[in-house]
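Q: I would like a close look at one chain of this model. Please take me through its domains, sheets and packing.

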Amino acid sequence: MSQQLINAISLGAVYALIALGYTMVYGVLRLINFAHGEVFMVGSFIGLAALSVFHLPFALAVLVAMVGAALLGAVIERGAYRPLRSAPRLAALITAIGVSLLLQNLGMLILGAAPRAYPPAIDPAPIAWLEERAGVVVTRQQVVILAATAAILAGLSLIVSRTKIGKAMRAVSEDRQAAQLMGINVDRVIAFTFCLGSAIAGAGGVFYGVYYGTADPLMGLMPGIKAFVAAVLGGIGSVPGAMLGALLMGLVETGVSSVTLRVSPSLVLTGSTLRDAVAFAVLIAILLLRPAGLLGRPGREKV
Amino acid sequence: MCRSGVLTALCGVGVGALLLAGCPGPQPDTESPSAGAGAKGEPAPAAGGKIVLGSYMCNTGPFATFGQSSTKAMEMAVEELNAKGGVLGKPIELIVEDDQCKPEEAANAAQKLIQQDNVLCVLGEVASSNSLAAAPICQDAQTPMVTPSSTNPAVTQTGDYIFRICFTDDFQGVVMSKYAVEELKAKTAVVFSDVASDYSKGLSKVFRETFTAAGGEILGEESYNQSDRDFRAQLTKFKGLSPDVVYVPGYYGEVALILSQARQLGLKAVFLGGDGFDSPKLVEIAGKAAEGALFSNHYSKDDPNPVVQQFVASFQAKYNEAPDALAACAYDAVRIVAQAIETAGVEDRTALRDALAGITDFDGVTGKITIDENRNARKSATILTIKGGKQTFVKTMAPE
Amino acid sequence: MWAHYLPRLVLYVAIGSVLVGLDVGLPRLLNAYLVQILVFVACNIVLATSLNLINGIAGQFSIGHAGFMAIGAYATAWLSTTHGQRLLAPYEGQRLEPLLIVAYLVVLMFLGGLAAALGGLLIGLPSLRLRGDYLAIATLGFGEIIRVLLLNLEPVGGATGLRGIPQYSSLFLVLVAAVVTVAALHNLGNSVHGRSLLAIREDETAAEALGIDCAHYKTSAFVIGAFFAGVAGCLYAHYTQFIHPRSFDFMKSIELVLIVVLGGGNLRSVILAAVAITLLPEGLRLVKGALHLPFDPRMAIYSALLIAAMLVRRERVLQAVLPGRKGGGLRE
């Protein structure tokens, strides 16, 4: 039981790693950024190259991946999203899907579709004393990921609440036109948000690669969708909400998987078989109870 | 219409391209026998200077890694055959179509190969669901289809033009459960399968049935999704059951992660699997965690048979990577078709079908292949284990 | 009296004769490959125009439309493989058979549509409480739930897929269904019903204040949209003879959203977009051969074209439909 709780938290932390960067862009632009998962993938491959080709130390590899992903984010924003700034919101959704498909397919053409081994830059072995004392398996990687997620959460919260650019981000997300009238350079704020979100995705990609030991061109697809769900579940635009949403998803998925119902000898319902169905049913139920997400502010309707 | 200009243009591109495809193109020149990347044309069987084969494969999409591997091996097989003078004195051309791993695209690709490219024979797919989508089309058009690696029994049941050169689900499941009971003396087992894969589900079902029939006990069953990267919840459950063996009929991408995570969690059982384990990636990704895993496969890379040795060496030389099971099957598929064309003596689809049905003791990389009355391959399975980071031969199991 | 209906009658006869002409002419002009692509085009037109009712006209952001299609496809395919074929077997080879098949298929389309409409009702209910992206997650979840359930439902083939479905539908029938769907949705869009939906999209509070029963209309949009998706599913299954849950996954839903947004909510453009998006991947198969490339750039070009089309068409896309277009926003 306690082991499953640890499994749940570590899975949630992995989701959060991706969802935090996602929610930045999502909160400011209200753009369902389908390409986020692919930026994450590119970041992961940059990290892979840094680690196994250039033999950089782990911290440096993360940094390189962040810079690379931020640059990619800037290019995507400039080329595919900014021209659509004045167009309806759903227009950017389509270019986002386009960018996502493009990066996936370029990845498959250039790198091949086969998964690649990721060097274990952090020791994957369980922490011995925890296993002896508490009987639970926790690896150093899991601790590092949880710490990284917490650090990103803290960093983002600080940026959003304490810095000038954070204030500008909040203003832009609240009302873009009003923000512009107040002298905020909206383009710059959005570009910054994009780079920040992409950099976090890049770092997430490296952590993810090291944690699971593999990287492939389609690795961003599922995490991208999960990050979207987590971000919405937590309440659109709420950074702690994304964290909470991701943890909740990890908890629900692991919880459902760990259950086996023996209805009768011939009918055994295995949780893991129906996991995605049950998990989504639970998520929908939560949304019905809290229609604006866990930490979302209920939309006040102007009459 | 101006407001829809872009859409009209997009439609125009599509329609134009299709019309272009529909028109009979110029006869392809015979002097460029470069396969795979070859040019398209409209050579009717017996008329053109080439023998045109078609393949539809998931070269993009979620199973692209399998499709790309198969395609590489097929292109290599065609190149080798052409270097030896082709078939019936003509070079072979292989037209490769991608199906994005979608059943409806597989159907489209098969239709295109048959109707537009007028291929003599269709090769494809890895995933049985895609083969099942294309099989009725090939059957209706009376064009032989040879699937290199779709294991579901239903594929060849579609009709008498559909052939298979890999094992069916039944055989591998039986082999592994027999080995577990007889050699490993396993009393208890758990099964871990991919919920969306009929390959995985099929093998699990047969393993469960034969293992129970042999007096073993299945303690539990769990599932995962192909896109999953975290299997700790299910593996923790398995750990609580402490089974003798864990049967994971999956593909190396997921299996490698399952093995690593199982070892981290301290799950001590022996891991068993099918030909999905056969890839250099398994050891690359799982490292030490892969040690001791056992799986059924079509062949062993240690087999002194020159066909095997030459295949492994050429693949390594050409693509700078070791071949996986899918590559081996795809390679054999092309060579079997070539031999059948040679036997038939004419470029005729029905004659080719008859020749394929008569294939006996074909000396392939994946064993001595005989096509049985159900158009399935009858061949022995090899059991391999991972030892010192290398696949090591354990035993050969003959079909009953 | 007669004169009043005459133009309309002429129109119907014209459409009818064009369709019959197509039915006779197309199979002779086109090979099975082109016919099959046209069938998929027509199916996608039905799917996209019905999604347009939900997304475009009613403004409810749904990304689970493939789920409705799956319900229609599986329900009718199951009926055909278990009962339908047996029912029609005695008439095999008789002169009546083609007529009976058409009649049977029409009934089947209704049944498939109804089954999907039930699903639409189910997902319409959350739409009363959820909005915008929150609703999108619920519809995404709905589609995934359907897919996972189908994967585990052995009577309909589970992960193997359902095979051996009789090929009852034809290009002609699918085209007729597409024409009927488009006509029905066109009329619906111009009716009181459609105007009410538009009002709800623009401003729900104002619509409510005008006495529009928002709950009723929103649910009905889902029910009607799902119905036609179910019909498309039925036609699709009875053409391809094999269905698999993977054909109805999240990416299929996204493809449909893509068509609707690219079409900008305007029915004619949505149809054009459906044609373009279905034909493009097939047309692009030629690129590799034409340029003698050692790799297949089909999907890369497809996605690049998508981005380019959107950048050119930026002003014509669907209006964003979100309550609190302002507000919400990023907070610490």
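How many residues of domain 1 of chain B are in contact with domain 2 of chain B?

A: The model is predicted. In chain B, 12 residues of domain 1 are in contact with 14 residues of domain 2. Here is the setting for that contact.

Domain 1 of chain B takes in 33-167 + 308-380, and domain 2 covers 169-297. The centres of domain 1 and domain 2 of chain B, taken over C-alpha atoms, are separated by 30 Å. On the side of domain 1 of chain B that touches domain 2, the residues split into 5 nonpolar, 5 polar and 2 charged.

Next, the sheet of 7 strands in chain B. This open sheet has mixed pairing, and its order is E7-E6-E8-E9-E10-E14-E15. E7(B) and strand E15 (390-397) of chain B are the edge strands, and each pairs on one side only. On average, neighbouring strands of this sheet are turned by 25 degrees against each other, direction ignored.

Strand E6 (residues 188-194) and strand E7 (residues 217-224) of chain B run parallel, joined by 7 bridges. Val191(B) has Glu221(B) in E7(B) as its bridge partner. How does the chain get from one strand to the other? From E6(B) the chain crosses through helix H7 (residues 198-213) of chain B to E7(B). This β-α-β crossover is right-handed.

Move on to E9 and E10. Strand E9 (residues 270-273) and strand E10 (residues 294-297) of chain B also run parallel, with 2 bridges between them. Gly273(B) has Phe295(B) in E10(B) as its bridge partner.

Strand E14 (residues 381-387) of chain B and E15(B) run antiparallel, and 7 bridges join them. Ile386(B) stands opposite Gln391(B) in E15(B). The hairpin of E14(B) and E15(B) has 2 residues between the strands, and Gly388(B) takes a positive phi near 55 degrees there. Strands of a sheet pair through backbone hydrogen bonds, either parallel or antiparallel.

Chain B has a further open sheet, this one of 3 strands. Its order is E11-E12-E13, with antiparallel pairing. Strand E11 (362-364) and strand E13 (377-378) of chain B are at the edges. Each has a single partner strand, so one side of each is left without a neighbour in the sheet. Strand E12 (residues 367-371) of chain B pairs with E13(B) in the antiparallel sense over 2 bridges. Thr370(B) has Arg378(B) in E13(B) as its bridge partner. Helix H12 (residues 325-344) of chain B packs on this sheet and touches E11 and E12 of chain B. The direction of H12(B) makes about 150 degrees with that of E11(B).

Two backbone details in the loops deserve a look. Most residues other than glycine have a negative phi, and most peptide bonds are trans. Against that background, the peptide bond from Gly124(B) to Glu125(B) is cis, with omega near 0 degrees. Glu125(B) lies in the loop between strand E3 (121-123) and helix H4 (128-140) of chain B. Asn320(B) is a residue other than glycine, and its phi is positive, near 55 degrees. The loop that holds Asn320(B) runs between helix H11 (306-319) and H12 of chain B.

To recap, chain B is divided into domain 1 and domain 2, and their contact takes 12 residues from domain 1 and 14 residues from domain 2.

Note on methods:
Residues are numbered from 1 along each chain as its sequence is written. Chains are lettered from A and ligands numbered from 1 in the order in which they are written. This is a predicted model: local features need pLDDT of at least 70, side-chain atom pairs count only at pLDDT 80 or more; totals for chains, interfaces and linings use all residues. Two strands pair if DSSP finds at least two bridges between them. Helices (H or I, at least four residues) and strands (E, at least two) are DSSP runs, numbered from the N terminus. A crossover is right-handed if, with the strands pointing away from the viewer, the path from the first strand over the helix to the second runs clockwise. Domain bounds come from an automatic or database domain assignment. Two residues are in contact if their C-beta atoms, placed from the backbone, lie within 7 Å. Ala, Val, Leu, Ile, Met, Phe, Trp, Tyr, Cys and Pro count as nonpolar, Asp, Glu, Lys and Arg as charged, and the others, Gly among them, as polar. Axes are lines fitted to C-alpha atoms, for helices over the stretch in contact, and angles run from 0 to 180 degrees between N-to-C directions.
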